[in-house]
Amino acid sequence: MKSGVACIISEQIMSSSDSCKDGASKLLSNDDGVCKVNDMLQNMSVGDVSVCANCGKEGSSDNMNLCNKCKVTTYCNAVCKKVHKKKHKKDCEEYIRLATEKHDEEIRLAAELHDIELFKQPPQLYKDCPICFLRMPSLETGYRYMPCCGKEICSGCVHSPVYDNQGNVVFGKKCAFCRTPHPTSDDEIRERVNKRVEVEDPLAIHKFGVNHRDGADGFPQDYAKALNLYHRAGELGHIKAYTNIGNSYYHGRGVEVDEKKANHYYELAAMGGDSMARHNLGNNEVRAGSFDRALKQYMIAVRSGTSNSLEVIKEMYSNGYATKDEYMKALQLYQEYLSEIKSSQRDEAAAADEANQYY
Ligand SMILES: [Zn+2]
Ligand SMILES: [Zn+2]
Ligand SMILES: [Zn+2]
Ligand SMILES: [Zn+2]
């Protein structure tokens, strides 16, 4: 995931330089600046053969003597370099200026491309519930991980009765997906999660990590171990693990506090669809005083189901940091989300037990 994003960006930069040849720069208007610099730098050598700037003698690029300052102008030997020094001074300064400009332009372009990726509405973090086929709620109490079969099931389906093949209600708590009876002790839970960890189930590995963070389900509290498990779960594709890696760096759990790294992992998680990480990024933007960027982050989080972000947008509106239209837009996005997750079964589960709240 991490290198994937970096790859997209560097690939796009590469392709933008490639487009210089035919002058067809499509990506961003400011490519022209980079292209001009590229052309000027390319004109100084032809393939593997370079020409001495002092005496005109040709030689292979590998054997030529480069100007120590600009690293662009080539000489056949140190004597030619010395003789040409005064004449070359002005060009040398210009080459250095162009190279710096090119470097700055590339950094600017990379940041712009990064933002394009960052502010896209991300994919849905969770698959739909495998039983009722409705969109899974983002709120953590809206679904459960089943260590029997490794499925995540919505709170509504967990709560509703399980029927046998004849349509009779099955008494006693059983997994709504695979019908395995619920575990009755910490030992049994640990054993089941262990088995799922052994088959490299990223959800189980992540849960294992959370248990080590909290010292829950009979696991000892161990932040360093939790962090290792998050990394493993993330590598296996569980996006939520990146949010917890971000939290580890943010709070200094098992590592030194490092807000830059925290942000990096929150971004990975947010781009993968985790709305909690997205909300955290919004908070960071507020702290940095970048209210426009904060609003963008919160809007995306709202569409992915984070009511906290809606609350903050409301507050931004009443304090003049967001317009009425923006607040109305946020309300509309949240309604769209709710229409995808609402069901009477989930409502019933939530009414029966607060631990089943799903929005
Ligand atoms: Zn020479
Ligand atoms: Zn030079
Ligand atoms: Zn369901
Ligand atoms: Zn199951």
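Select alanine 269 to begin: leaving aside residues up to four places away in sequence, alanine 269 touches Ile239, Lys240, Tyr242, Thr243, Gly246, Asp274 and Ala277, where two residues are in contact if their C-beta atoms, placed from the backbone, lie within 7 Å. The model is predicted, so local features need pLDDT of at least 70 and side-chain atom pairs count only at pLDDT 80 or more, whereas totals for chains, interfaces and linings use all residues. Residues are numbered from 1 along each chain as its sequence is written, and chains are lettered from A and ligands numbered from 1 in the order in which they are written.

**The core around alanine 269**

Next, select Tyr230, Tyr242, Ile245, Tyr265, Tyr266, Ala269 and Ala277, which have the most contacts inside the largest nonpolar core, a set of 27 residues. A nonpolar core is made of buried Ala, Val, Leu, Ile, Met, Phe, Trp, Tyr and Cys residues joined through C-beta atoms within 7 Å; a residue is buried if 20 or more other C-beta atoms lie within 10 Å of its own, exposed if 12 or fewer, and partly exposed in between. Two or more residues each come from helix 5, helix 6 (202-214), helix 7 (223-235), helix 8 (240-251), helix 9 (259-271) and helix 10, and the largest share, seven residues, belongs to helix 9. Helices (H or I, at least four residues) and strands (E, at least two) are DSSP runs, numbered from the N terminus. Another core, of 20 residues, lies apart from this one, and includes Ala301, Val312, Tyr334 and Ile341.

**Helix 10 and its partners**

Now show helix 8 with helix 10: they pack at an angle of about 35°, with their axes 9 Å apart. Axes are lines fitted to C-alpha atoms, for helices over the stretch in contact, and angles run from 0 to 180 degrees between N-to-C directions. On the helix 8 side, Tyr242, Thr243 and Gly246 meet Met276, Ala277 and Asn280 of helix 10.

To inspect the contact, select Ser275, Arg278, His279, Leu281, Gly282, Glu285 and Val286 in helix 10, which meet Phe291, Arg293, Ala294, Gln297, Tyr298, Ile300 and Ala301 in helix 11.

**Arginine 196**

Move to arginine 196 in helix 5 (residues 186-198), which counts as buried because 21 other C-beta atoms lie within 10 Å. Apart from residues up to four places away in sequence, arginine 196 touches Pro147, Gly150, Asp201 and Ala204. The C-alpha atoms of arginine 196 and proline 147 are separated by 6.8 Å, although the two residues are 49 residues apart along the chain.

**Two loop residues with positive phi**

Phenylalanine 133 sits in the loop between helix 3 (78-118) and strand 5 (143-146), and its phi is near 65°, a positive value in a residue other than glycine. With 9 C-beta neighbours inside 10 Å, phenylalanine 133 is exposed. Arginine 179, in the loop between strand 8 (169-170) and helix 5, also is not a glycine and has a positive phi of about 70°; its 13 C-beta neighbours inside 10 Å make arginine 179 partly exposed.

**The whole chain**

Finally, zoom out to the chain, whose secondary structure comes to 14 helices and eight strands, and in which buried residues make up 32% of the 359 residues.
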